[in-house]
Amino acid sequence: MAGNLRISGLASGMDIDQIVKDLMRAERMPLDKLYQKKQLLEWQRDDYRAMNTLLQGLDDYLFSNITLQSSMLKKTISSSNEAVVTATASASAANVATTIQVDQVATSAVWLSNVSVRKDDFSVDADTTLTIKVTNGDGSTNTVELTVKQGTTLDGLIAQLNSNANLGVSAFYDEQTGRISIMKKETGAQASLVLDDEETANFFAEKLGFTGAAAEQELTGKTEGQDAQVTINGLKSSRSSNTFTINGVTYTVKGTGTATVSVETDVDAMVNVIKGFVDKYNEVIAKINAELKEERYRSYPPLTDEQKEAMTEKQIELWEEKARSGMLRGDSILSSALSQMRMDLYTKVEGANIPSGLSQLAQLGITTSSNYLDGGKLIIDETKLREKIKENPEAVYQLFNQNGTTDAEKGIARRLRDTIKETIGKIEQKAGKALWTNQQFAIGRELIQINNQMDRFEDRLKLIEDRYYRQFMAMEEAIQRANQQSMYLMNAFFGGMQG
């Protein structure tokens, strides 16, 4: 409506638009206050969410590096003769030395055709189903059916044989000799391929050169596979595979001979994981402490669009740096979280798996900085940490990860993760997260209320602006009428004098 009432002030000579604009600036002040309150809430919401991202990062590190045995309790393993045997160890492997004598390496069964096949002469005249009873090197069995389509080439058939996981073979055609080799992928003495029926036997005999192939008989041209023959710490053993696992150690036989395999705790890996945790923890508490202590400049409210128009980009940047400072100053959620995390770290861990000399973090050589300005920063005595890990790596792991029904029985990492989870939950109830609607968290509900207030106030301002323009229009019209009357009287008066 106001847009249709704009007037230039021709009668009065006043700049009506500027006057109304100035009047509306005063009327808009409560709306600007609402905008500033909204902006502060949005900044606070974003800062809360940044703290949750920070805490989640610490939790992720704890889970991936501290709580997983595979990350925390890594092993180093060495072989005195890697030409005989190599090995890898899981986190559960004991620190032991094992002597292995290899008398025979496991090999795969191989079947060779005895008649040459020409690629150009190979043809499949009709769809053919091949049925093969497969026995793997370890004695496990299954029956495989392959449908060879009419028109399949020899290369296509070889690819079909190789791609069937249940058949488990590696086949190839030798261009020079024209013969076909089929090798069982798995090693072991029990491997066999039995042709189930006449159709299958005829196909192998006539198309692939395995003459003598017969129904319900093993494929001809076989070189037997063999099991590995090993003696482990004096105990003779036969294995269908050259790779086998005993007590968390996976051995791979390479050749005949004798080797000693030694398993030890990877002290460097454990030290690095714990140092990484300390660095991550120090980073988190430093940033939280900075937020809690950050100065709040109340004389620097958020800028309105009109104020920004009158400033340079640098001025805006410097102003807003102060305006959004201290959004979480003295925040109770974050303060409580820091206090609880300190308790989590320094409260003694109880339980049967925790020896008295390794029940507290300080006994690992990890203590709090004596400088109070560091805000609880952790300091590591790496020499002492290494000694304790070498002395009892399992106890060090349990100090961080022991599970229990009470907080006192839980390891340090578990306590911290509980505290982090609880803190993140509290912050989400206050500041939400990216996919939440405003209705789902406290600050969001405040923003809804402010947006509603702003919408109502905008409507009210339109009415006020329209009223001002109507008033000035009435004034202009009155002045215009007065001017017209004055002109009439002057014309009448001076006209009569001239007569």
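Modeller: First, a definition: axes are lines fitted to C-alpha atoms, for helices over the stretch in contact, and angles run from 0 to 180 degrees between N-to-C directions. Helices (H or I, at least four residues) and strands (E, at least two) are DSSP runs, numbered from the N terminus. This is a predicted model, where local features need pLDDT of at least 70, side-chain atom pairs count only at pLDDT 80 or more, and totals for chains, interfaces and linings use all residues. Residues are numbered from 1 along each chain as its sequence is written, and side-chain values use heavy atoms, with hydrogens and water left out.

Biologist: At what angle do the axes of H2 and H6 cross?

Modeller: Two packed helices are described by the angle between their axes and the distance between the axes. Helix H2 covers residues 29-67, and its axis comes within 10 Å of that of H6. The two axes cross at roughly 170°.

Biologist: Is H2 roughly parallel or roughly antiparallel to H6?

Modeller: Under 35 degrees counts as roughly parallel, over 145 as roughly antiparallel, 65 to 115 as roughly perpendicular and the rest as oblique. The axes cross at roughly 170°. That makes H2, relative to H6, roughly antiparallel.

Biologist: Which residues of helix H10 are buried?

Modeller: Buried means under 20% relative accessible area, exposed over 50%, partly exposed in between (1.4 Å probe, protein chains only). H10 spans residues 382-391. Its buried residues are Leu385, Lys388 and Ile389.

Biologist: Within what arc do the buried residues of H10 fall?

Modeller: The arc is that of the directions from the helix axis to the C-beta atoms. An α-helix has 3.6 residues a turn, so residues three or four places apart point the same way. The buried residues of H10 line one face of the helix, because they fall within an arc of 100°.

Biologist: Which exposed residues does the face of H10 turned away from its buried side carry?

Modeller: Look at the face opposite the buried side. There sit the exposed residues Thr383, Lys390 and Glu391.

Biologist: Is Ser79 buried or exposed?

Modeller: Ser79 is found in strand E1, residues 75-79. Its relative accessible area is 16%, so Ser79 is buried.

Biologist: How far does the backbone oxygen of Val85 lie from a polar atom of the side chain of Ser79?

Modeller: A contact means heavy atoms within 4.5 Å. Beyond four places in sequence, Ser79 touches Val85, Ala259, Thr260 and Val261. The backbone oxygen of Val85 lies from a polar atom of the Ser79 side chain at 2.7 Å.

Conventions. Polar contact = N/O pair within 3.5 Å; in protein donor to acceptor, adjacent residues only side chain to side chain.
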